[in-house]
Amino acid sequence: SSRTGRTFRVSQVLLIHRDTGLLLANVGSEGAAESEAEIVGGMLDAIRAFVDEAFHTTEADGLRDLRVGEVSVWVEWGPHAILAAVTRGAPIPQFRSDMAEVLEQVHEEYEKELRDFDGFVEPFDSIHPVLLGLQTNSVKLDASRRLRKAVVLVVVALLVAAAIFLLLVWWIT
């Protein structure tokens with residue numbers, strides 16, 4: 001938090017089903033749209049498919065963060081779900097631990113729903129307060145609304161470009 005002298009803001013927290021890549025739940029700040037959540041989920045799914053095809057391994061869970069300037073996507077991989085957080089600033093190491101704890105809690109409380117996932121996300125609606133807790137525990141930056149929107153647009157554009165590149169490489173191989 002603020003005693004470390006570093007500040008950060010969490011703009012999105014996403015819970016994604018690991019096997020299907022479908023978005024189970026997400027929370028975001030006012031500038032973060034649902035489509036951005038789907039883009040991040042699609043990017044993670046594309047990276048996982050690329051690693052599997054290109055290197056004949058399923059070790060995509062080695063990707064734990066992606067950074068573009070001040071914006072980062074931190075990823076925690078669980079047996080049935082992936083937790084991703086889009087942040088601005090310098091996340092404190094404790095935030096990684098908080099993400100891991102939340103993902104473990106989700107796997108404990110929703111084990112059956114995750115294991116038997118049938119495409120319906122309604123059983124995961126009650127996860128929103130837990131995800132919101134991750135988002136609101138971050139330290140807010142004093143940034144203008146316009147700057148935040150510009151950063152989000154740049155990140156979305158870069159994530160789409162990365163996903164397209166990975167899909168093209170995967171398709172060519």
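Buried, in these legends, means under 20% relative accessible area.

**Figure 1. Confidence along the predicted chain.** Welcome to a predicted model, whose mean pLDDT is 78, with 73% of residues reaching 70 or more. Helix α3 (residues 111-115) has the highest confidence, at a mean of 95, while helix α1 (residues 34-55) has the lowest, at 67. Please take two stretches with some care. Over residues 1-5 pLDDT stays under 50, and the model gives this stretch 5 contacts beyond four places in sequence. Residues 139-146 also stay under 50, and here the model has 15 contacts beyond four places in sequence.

**Figure 2. Three aromatic rings form a cluster.** Here we look at Tyr-110, Phe-117 and Phe-124, which ring pairs link together. The chain has 3 aromatic pairs in the count. In the pair of Tyr-110 and Phe-124, the ring centres are 5.8 Å apart and the planes meet at 35°, so this pair is tilted. Tyr-110 sits in the loop between α2 and α3, and Phe-124 in the loop between α3 and α4, so that the pair links distant parts of the chain, 14 residues apart. Both Tyr-110 and Phe-124 are buried.

Figure 3. The 17 residues of helix α2 (residues 93-109) reach 25 Å from first C-alpha to last, close to the expected 24 Å. Its buried residues are Phe-95, Arg-96, Met-99, Val-102, Leu-103, Val-106 and His-107. Because these residues cover an arc of only 135° around the axis, they lie on the same side of α2. Turn to the other side of the helix and you will find Pro-93, Glu-101, Glu-104 and Glu-108 exposed. What do the buried residues of α2 pack against? Their partners are the strands β1 (8-17), β3 (65-68), β4 (71-77) and β5 (81-89), together with the helices α3 and α4 (128-136).

**Figure 4. Leu-15 in the largest nonpolar core.** This core has 24 residues, and Leu-15, Leu-83, Phe-95 and Leu-131 touch the most other members. At least two residues come from each of β1, β2 (23-28), β5, α2 and α4. The largest share, 5 residues, is supplied by α2. For a closer look at Leu-15, set aside its neighbours within four places in sequence: its contacts then include Leu-83, Leu-103, Val-106, Ile-127 and Leu-131. Leu-22, Leu-23, Leu-24 and Ala-25 are also among the residues that Leu-15 contacts. Another core, of 17 residues, lies apart from the largest one and has Met-43, Leu-44, Val-75 and Val-86 among its members.

**Figure 5. Leu-23 in strand β2.** One of the contacts of Leu-15, Leu-23 belongs to strand β2. Is Leu-23 buried or exposed? Its relative accessible area is 19%, so Leu-23 counts as buried.

**Figure 6. Ala-163 in helix α5.** Our last stop is Ala-163, found in helix α5 (residues 145-172). Ala-163 counts as buried because its relative accessibility is 13%. Which residues does Ala-163 touch, not counting those up to four places away in sequence? They are Met-43 and Ala-46. Val-40 is 123 residues from Ala-163 along the chain, yet their C-alpha atoms are separated by 9.1 Å.

Methods: Residues numbered from 1 in each chain as written. Predicted model: local features only at pLDDT ≥ 70, side-chain atom pairs only at ≥ 80, totals over all residues. Heavy atoms only, no water. pLDDT = per-residue confidence, 0-100. Helix = DSSP H or I, 4+ residues; strand = E, 2+ residues; numbered from the N terminus. Contact = heavy atoms within 4.5 Å. Buried < 20%, exposed > 50% of the residue type's maximum accessible area, 1.4 Å probe, protein only. Expected span 1.5 Å × (residues − 1). Arc of directions from axis to C-beta. Core = buried A, V, L, I, M, F, W, Y, C linked by side-chain atoms within 4.5 Å. Phe/Tyr/Trp six-rings, centres within 6.5 Å; stacked < 30°, edge-to-face > 60°.
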